[in-house]
Amino acid sequence: MKNGWLQSWVVMLLGFALQAHANLDGEHPTLQVCGDAIDWPPYTYIDGDVVKGRDIDILDELLSELGYGFDITMTSWSRCLKGTKDGDYQIAVSASYSEERAQDYLYTTWYYDITPYYLYSTKRFPNGLDITSVYDLEPYIVCGIHGYNYSDFKLDNVNQFSISIFEAVTELHSLNCDVFISWHEILDGMNNVWGINYVQDDIVAMPIPDMEKHKFYMLISKHFPDAVALQEALSRAMVRYQ
């Protein structure tokens, strides 16, 4: 796997935020937006020093229609959430829903959905796993990414000590985790965008049976004076992407 550079890159990104896509004409109000710099292609990712992805395309289209420009800061997801809660950013992109988050942010309607997957190592389970629903994962040590919301998986316990997919898959290799839960489109995006294929050698990825796709939203900071108007306008426009 092409992972040696990735671990160093992750550590670097956690130390500072990369800003891109500034509003250069100065004619429109500029919103501060944040996204996950580490593990969220094809929705947000960094290509050289340029932020790309479906979120950027959607922001370009919708915010220009509403008369806004934007700057996007790519940082860790935990810092993005905190900054939006505190009012440093007006929008956080690609957020899943939780009742706890709904206390701190305004949610737009959903604008894309992705397929829940589970990964395991054949070193740990040479005969595979007999999973007919997500509840069959309950007896296992299930791991996820620090700061991510896994409430859509409906599991009682998800260990979230890893800060990246790289670290989580390493935990599978080292047998510290039985299962890592993720999403097909993100794993596929890592491979297509960066050429990093985590599903190889002893790692197997499977869809979780009988589980609907997970929906993703944008979060609006409650500190933004026009938060409700922005939430409503974006929600009306986002229906076109569903």
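Residues are numbered from 1 along each chain as its sequence is written, and side-chain values use heavy atoms, with hydrogens and water left out. In this predicted model, local features need pLDDT of at least 70 and side-chain atom pairs count only at pLDDT 80 or more, while totals for chains, interfaces and linings use all residues.

Helices (H or I, at least four residues) and strands (E, at least two) are DSSP runs, numbered from the N terminus. Buried means under 20% relative accessible area, exposed over 50%, and partly exposed in between, with a 1.4 Å probe and protein chains only.

## Disulfides

A disulfide is a covalent bond between the sulfur atoms of two cysteines. Here the term is applied to a pair of cysteine sulfur atoms within 2.5 Å. The structure holds 2 disulfides. With bonded cysteines counted along the chain, their pattern is 1-2, 3-4.

One of them joins Cys34 and Cys80, with 2.0 Å between the sulfur atoms. Cys34 belongs to strand β2 (residues 30–36) and Cys80 to helix α3 (residues 77–86), so the bond ties together parts that are 46 residues apart in sequence. The torsion about this S-S bond is about 80°, so the disulfide of Cys34 and Cys80 is right-handed. Both Cys34 and Cys80 are buried.

Another disulfide connects Cys143 with Cys177, at an S to S distance of 1.8 Å. This pair links distant parts of the chain, 34 residues apart: Cys143 is in strand β10 (residues 142–145), and Cys177 is in the loop between α5 (165–173) and β12 (179–183). The link of Cys143 and Cys177 is left-handed, with -85° about the S-S bond. Cys143 and Cys177 are buried.

## The five-stranded sheet

Strand β10, which holds Cys143, is also part of an open sheet of 5 strands. Strands of a sheet pair through backbone hydrogen bonds, either parallel or antiparallel. Two strands are taken as paired if DSSP finds at least two bridges between them.

The strand order is β11-β10-β12-β9-β13, and the pairing is mixed. At the edges stand β11 (159–162) and β13 (203–207), each with a single partner strand, so one side of each is left without a neighbour in the sheet. On average, neighbouring strands are turned by 40° against each other, direction ignored.

Strands β10 and β11 run parallel and are joined by 2 bridges. Cys143 has Asn159 as its bridge partner in β11.

Contact means heavy atoms within 4.5 Å. Axes are lines fitted to C-alpha atoms, for helices over the stretch in contact, and angles run from 0 to 180 degrees between N-to-C directions. Helix α5 packs on the sheet and touches β9 (116–121), β10, β11, β12 and β13, its direction making about 150° with that of β12. Helix α6 (residues 184–194) lies across β9, β12 and β13 and runs at about 85° to β12.

## Ser121 in strand β9

Ser121 lies in strand β9. Its relative accessibility is 1%, and it counts as buried. Leaving aside neighbours within four places in sequence, Ser121 is in contact with Leu172, Asp202 and Ile203. The side chains of Ser121 and Asp202 are joined by a polar contact of 2.4 Å. A polar contact is a pair of N or O atoms within 3.5 Å; within protein, one must be able to donate a hydrogen and the other to accept it, and residues adjacent in sequence count only if both atoms are side-chain atoms.

## Salt bridges

A salt bridge is a side-chain nitrogen of Lys or Arg within 4 Å of a carboxyl oxygen of Asp or Glu. The structure holds 6 salt bridges, including these:

| Pair | N to O distance |
|---|---|
| Arg240 and Glu65 | 3.1 Å |
| Lys82 and Asp86 | 2.7 Å |
| Asp104 and Lys85 | 3.8 Å |

Arg240 lies in the segment after α7 (227–238) and Glu65 in helix α2 (residues 54–65), so their bridge ties together parts that are 175 residues apart in sequence. Arg240 is partly exposed at 43% relative accessible area, and Glu65 is partly exposed at 48%. Glu61, Glu65 and Arg240 are linked in a network of salt bridges.

Lys82 and Asp86 both lie in helix α3, 4 residues apart, about one turn of the helix. Lys82 is exposed at 54% relative accessibility, whereas Asp86 is partly exposed at 37%.

Lys85 is in helix α3 too, and its partner Asp104 is in the loop between α4 (99–102) and β7 (105–107), 19 residues apart. Asp104 is partly exposed, with a relative accessible area of 26%, and Lys85 is partly exposed with 39%.
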